[in-house]
Amino acid sequence: LATIDRRPGPLSSLPERVGVAAVEIAVLCNDAELEPPSGDPVDVAVLEAVGRHRVAEVRDGATRLGEVPFEAGRRRMTVLIRRREGGAALLVKGAPEVVLERCARAAAADGDVPLGPGERERVLRAAADLAATGARTLALADRPLPELPEDINAAEHDLRFVALLALRDPVRPQAPAAVEEARRAGIRVAMVTGDHAGTAVAIASEVGLADATTMVVTGNDLRRTGIPEDPLSSPVYARVDPDEKLGLVEALQARGHVVAVTGDGVNDAPALRRADIGVAMGRRGTDVAREAADMVITDDDLATIVHAVREGRGIYDNIRKVVDYLVGGNLSEIAVVVGALVLFPELGVPLLPLQLLWVNLLTDGPPAIALSVDPIDPAVMDRPPRLRGARLLSVRRLLVLAGRASLMAGASLTALAVARFAWDEPWGHARAVMFTVLVVAHLLYAFAVRRPSDARPSVRRLVSNPSLLLGVTAGLGLQLGAILWPPAREILGTAPLTGREWALVLGAGILPFLLMLLEGRSTRDRWLSVASR
């Protein structure tokens, strides 16, 4: 607390006369409860500062007769009380600049003193100094009433200024890192608050949103000039009303931005509902905010939201990998069948029905499941957000996948041609070679669709997903059994391969994988240019 003469200190250190009045206003002009803690977090903090026993004592000594709750437009709360020893009073708590406009005098240790323009300016400077430290400031005022008023609003004049109440809500240690990570991910973070501009700047500076050159836009600026053409030209908005916050959201959406809004109070509800993603604070947020939001976070931590973005991008990446793997692999099977029918009509059926089922069993099962739980790319938060209208499978993406399918199909058909025409192997042997090359190429393709931000393959990249490594290894082992085990050869219609045929299978099966890794624009920027279309 800081009194009119700007002496800071806790409630108990104020002059007795001023301290009693300040405690009375802080406790009675307050809807929070301590057992269990409930209500506005600021009000709960005030009661905790006063102390449980003192709160009970003050509330037992007075009866509340009426109230005008805090509203963003009024920026103050007013209650009408009757004291047990007799007499009524009006108690007011709110923004210093609003409350001081209605004050004619101030409480002092030895009696009330007039509150002229000079003294009022001193109090506002004290509030600004406190706000500059990151504290939230409230002015406490009262007015003894000889008789009960008919209208509480009409009685809010000739108030007596009692004290400034300063509350500090420390920034979480992880908040600056969360803001920086969001910035790297292309997420523009802005603070829109009803607090004093000095408080907003101090907090924004702590988390890395503002510096000494940052221009703060206030609610008065918005009412005077309207919402800026680029609402993100300033990262800090202070003393903003709910309607103005809603207007900022709508202005950002009109410019094509996807807007997420966080909030915990009743005044945040319109913006939470209008945003593309409304995120309410679950621990200290109001029921109204939670109902208006799309999701609720239980720890009220910005870092949790940024972590959720990271997880969401990882999930989207894995969906994309699975789609790329399945579409590219199945296109390769189609290309092999069509290509063999056109180029080698003497072969007859290129792949027998059971062989096709076997390929799908080995390649579309375990590897695809393993890709769905692939570890998140370490560089996932270094990418800009994907475009609002970006499709999972665009025409350009399909062309890329068709090119990869052509590599696998081409390797399989080439192996067939080499075995049949260069080595004069029977068609059955040639079909078995093509069949095995297709399986090997398709299984190794799973590694090629991982980690699009990696410019070069690495051993760590290959083993960072043990499930995929196990699935591909198991698939290769089963395919080996299908060629070497006589009962399996009988069922699948394959044939035993010679040493040079196994060498051909190994070379032709690995070649498409190597070509995909060495693909012309295989860096992160290339992947992003494709992904954004």
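The structure is a predicted model, in which local features need pLDDT of at least 70 and side-chain atom pairs count only at pLDDT 80 or more, while totals for chains, interfaces and linings use all residues. Residues are numbered from 1 along each chain as its sequence is written, and side-chain values use heavy atoms, without hydrogens and water.

**Confidence**
- The protein chain has an average pLDDT (the predictor's confidence in each residue, from 0 to 100) of 86, and 92% of the residues score at least 70.
- Mean confidence is lowest in helix α21 (residues 524–531), at 44, and highest in helix α10 (residues 269–274), at 94.
- The pLDDT stays under 50 over residues 1–9 and is below 50 over residues 520–533.
- Where pLDDT is low, the predicted coordinates should not be read in detail.

**Helices α16 and α18**
- The axes (lines fitted to C-alpha atoms, for helices over the stretch in contact, with angles from 0 to 180 degrees between N-to-C directions) of α16 (residues 427–448) and α18 (residues 466–484) come within 10 Å and cross at roughly 175°.
- Helix α16 is therefore roughly antiparallel (over 145 degrees) to α18.
- Contact (heavy atoms within 4.5 Å) involves residues including Phe435 and Leu443 of α16 and Leu469 and Ile483 of α18.

**Strand β9**
- Strand β6 (residues 103–106) pairs (at least two DSSP bridges) with β9 in the parallel sense over three bridges, and Arg105 has Arg160 as its bridge partner in β9.
- Strand β8 (residues 135–145) pairs with β9 in the antiparallel sense over eight bridges, and Ala135 stands opposite Arg168 in β9.

Conventions: Helix = DSSP H or I, 4+ residues; strand = E, 2+ residues; numbered from the N terminus. Parallel < 35°, antiparallel > 145°, perpendicular 65-115°, else oblique.
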